[in-house]
Amino acid sequence: MDFGPYLMLAIMEGALTAAVLALTASGLALVFGVMRVVNVAHGEFFMLGAVLAWWVSQLAGGSPVWGFLLALCVVPLLVGLLAAFVDMTILKRINYDPERTIVATIGILYILQQVTLMTYGPEARPVAPPFNARIALPWFEMSDGALQVYWPWGLSTTSYKLCVIGAACVVLLGLWALMTKTKLGLLMRATEQDREMALAFGIPVQRVYAIAFGLGAGLAALAAVLIVPIQQAHYLMGGDPLLLSFIVVIIGGLGSLPGAILAALLIGLSDGIISVFFSPTLAKIFATLLVAFVLVFRPNGLWGANNS
Amino acid sequence: MTTDLKKSVILHAGVVLALFVLQFVLPAYHHGNMARIMVLASYAIGYNLLFGYTGLLSLGHALFFAAGLYGAGLAMSQFGLSAGPALVVGVVAGVVIGAVVGGLALRTEGVAFMIVTLMFAQAGYLTILYFGAYTRGDEGFVIEQAERVLLGADLSDPLMRYFAAFSLFCAAIFTCFLAVKSRFGRVLVAIRENEERASMLGYDVAKYKLGAVVLSAGLSALAGAGYALLFGYVGASFASVQYSIFPLLWVLLGGAGTVLGPLVGTVFMFYLIDLSSGLTTAYMLIAGVALVVLTVFAPHGVMGEVRRRMWRWLP
């Protein structure tokens, strides 16, 4: 394959990564924005989404379409409820102290991961995609002064991958509508701006926190259900989404939803492209160092106002 | 000498003496375990200097431990150094990396400090994997028994190994005790309690914090280098996030900001994980539950509670 089609393929894969990452990272950004705590167990909620999707689709049996649709509806709800429960039983008790919350969520990370290992086992298991038609992509090239169309071998995507990208866009639009157009969104934004003042105005801050934490985890689980027909479900799969979401949330400016989505696009696309052309380990080294240096030198994110 | 100081000197000397005597009564299996625990507890003591006394929570101490481990290990396997100089190389590597990481990470505070240290450690771990040709990545490499000789003592011999681990632990706990009782240590505690006030009183807070990071990194690297020499294995898993979480867990359990806390926490957690790994492969579950229970119910840890309820003089 020539360089052009190769790059095109990398961009297609990058767009898929970006779509899933935007969902996962917006969950993390929502939790950080509203509650001012860092949820280190976020990646495990993602993993739980994938594992539960496998479980639900096994239970449903029959055609993969129904199993998948059922998983799509039920799994984010289940994970969200679990996260809200964690919030009410653990995080509330330590009064959302930022440092202790990190330590506690590290503990939750290991609990979720290891319980999955004990019940689901160490195997990676696939979920059948509901539809998966191969779509070959054309490539245009100028030769002898005329535009030629041809179909390079290997330059293709699947209908399911395109559908994931579309679904991610729809969910993100829905999230935007929820935050800006509904009463719940208003309450969350009020809590985000000033917790004490929100309490003084009679906003049930505790319940808003539980909902925000559940919603954040639910978004991660939704992203996982969407990606699990492409990647398999495995108990250690939470590490990479956590790292990437961290990168995205920090570069996009801590707690800012639009910033996170923009950064997800940037990171997802560059991750796809860099991993195709360079060693993935090298790409990760640069990404982690980038996060560290952004936090050290631009603590409000690359686009945030620098008022430190 | 005040009575409080006398009491704490007697207590710590007693604990050290008990550890020394223990080697003559322990059965072989626990004998080996105790040697390992003393090395890991030295690592926890290094961690505690930063977390317990200075109030800086690092999530990247595996980087310093691994700096010592790989500094010593690679010096022996790649450059053919003998054990003594290799130990020095390991500690120097830890101190240098500590100074660089500390200099950068201390520009941030609180949650950002935790994430920056985590990211630096992660980058270090990935770097070890990337240079797999020399480090052999996850698989790691073994240091030959013939090379593990320090001052004429064969460190692979169980008795010698116990004694070496004991010496390492003594060095760590003595350093910690001295540091805590010194003017330097008191300033660190002042920074932990109220950084702005310490700075208002005229202390150069940034300098003291950097000093704490470097000292902590140096002790962690010493433990790492000791681990490489004593147990002859160097692997990337010691640089992973898990080994940054472990010292935090040990210190939290034993009691942050107490000299003996790291030892108590390490012994307790080591045996808890040792017992549970016999039952299930999911032994990290214990660590997770312990972290949650400790943060929610017992933020002071074992020795912290002892200090709060009985011995207020405990350093």
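This is a predicted model: local features need pLDDT of at least 70, side-chain atom pairs count only at pLDDT 80 or more; totals for chains, interfaces and linings use all residues.
For the complex, the predictor reports an ipTM of 0.76 and a pTM of 0.82.

## Chain A as a whole

Chain A contains 11 helices and 4 strands. Its radius of gyration is 20 Å, close to the 19 Å that the globule rule gives for 308 residues, so chain A is as compact as a globular protein of that length. Along the principal axes, the C-alpha atoms of chain A fill a box of roughly 75 × 50 × 35 Å.

Of the 308 residues of chain A, 45% count as buried. Taking the contacts in chain A with a separation of 6 or more, 76% are between residues 24 or more positions apart.

## Gly80 in helix 3 of chain A

Gly80(A) is part of helix 3 of chain A, which covers residues 64-91. Gly80(A) counts as buried because 25 C-beta neighbours lie inside 10 Å, and the cut-off for a buried residue is 20 or more.

Leaving aside residues up to four places away in sequence, Gly80(A) touches Gly214(A), Leu215(A), Ala217(A) and Gly218(A). For one of these, Ala217(A), the C-alpha atom is separated by 5.5 Å from that of Gly80(A), although the two residues are 137 residues apart along the chain.

## The loop between helix 3 and helix 4 of chain A

Asn95(A) belongs to the loop between helix 3 and helix 4 of chain A, and Tyr96(A) also lies in the loop between these helices. Asn95(A) has a phi near 60°, a positive value in a residue other than glycine. Tyr96(A), again a residue other than glycine, has a positive phi near 55°.

## Chain B as a whole

The secondary structure of chain B consists of 14 helices and 4 strands. The mean pLDDT of chain B is 84, with 99% of its residues at 70 or more. Chain B has a radius of gyration of 19 Å, which agrees with the value near 20 Å that a compact globule of 315 residues would have. The box filled by the C-alpha atoms of chain B, taken along the principal axes, is roughly 55 × 45 × 40 Å.

Of the 315 residues of chain B, 52% count as buried. Residues 24 or more positions apart make up 78% of the contacts in chain B with a separation of 6 or more.

## Helix 8 and helix 10 of chain B

Two packed helices are described by the angle between their axes and the distance between the axes. In chain B, the axes of helix 8 (residues 183-193) and helix 10 (residues 205-231) come within 10 Å and cross at roughly 110°. Helix 8 and helix 10 of chain B are therefore roughly perpendicular to each other, since angles of 65 to 115 degrees count as such.

Which residues make the contact between these helices? Helix 8 of chain B contributes Phe184(B), Val187(B), Leu188(B) and Ile191(B), while helix 10 of chain B contributes Val205(B), Tyr208(B), Lys209(B), Gly211(B) and Ala212(B). By class, the contact of helix 8 with helix 10 of chain B has 7 nonpolar, 1 polar and 1 charged residues.

## Ala133 in helix 6 of chain B

Ala133(B) sits in helix 6 of chain B, residues 132-135. Ala133(B) has 7 C-beta neighbours inside 10 Å and so counts as exposed.

How values were computed. Residues are numbered from 1 along each chain as its sequence is written. Chains are lettered from A and ligands numbered from 1 in the order in which they are written. Axes are lines fitted to C-alpha atoms, for helices over the stretch in contact, and angles run from 0 to 180 degrees between N-to-C directions. Helices (H or I, at least four residues) and strands (E, at least two) are DSSP runs, numbered from the N terminus. Angles under 35 degrees count as roughly parallel, over 145 as roughly antiparallel, 65 to 115 as roughly perpendicular and the rest as oblique. Two residues are in contact if their C-beta atoms, placed from the backbone, lie within 7 Å. Ala, Val, Leu, Ile, Met, Phe, Trp, Tyr, Cys and Pro count as nonpolar, Asp, Glu, Lys and Arg as charged, and the others, Gly among them, as polar. pLDDT is the predictor's confidence in each residue, from 0 to 100. The radius of gyration is taken over C-alpha atoms; the globule rule is 2.2 Å times the number of residues to the power 0.38. A residue is buried if 20 or more other C-beta atoms lie within 10 Å of its own, exposed if 12 or fewer, and partly exposed in between; C-beta atoms are placed from the backbone.
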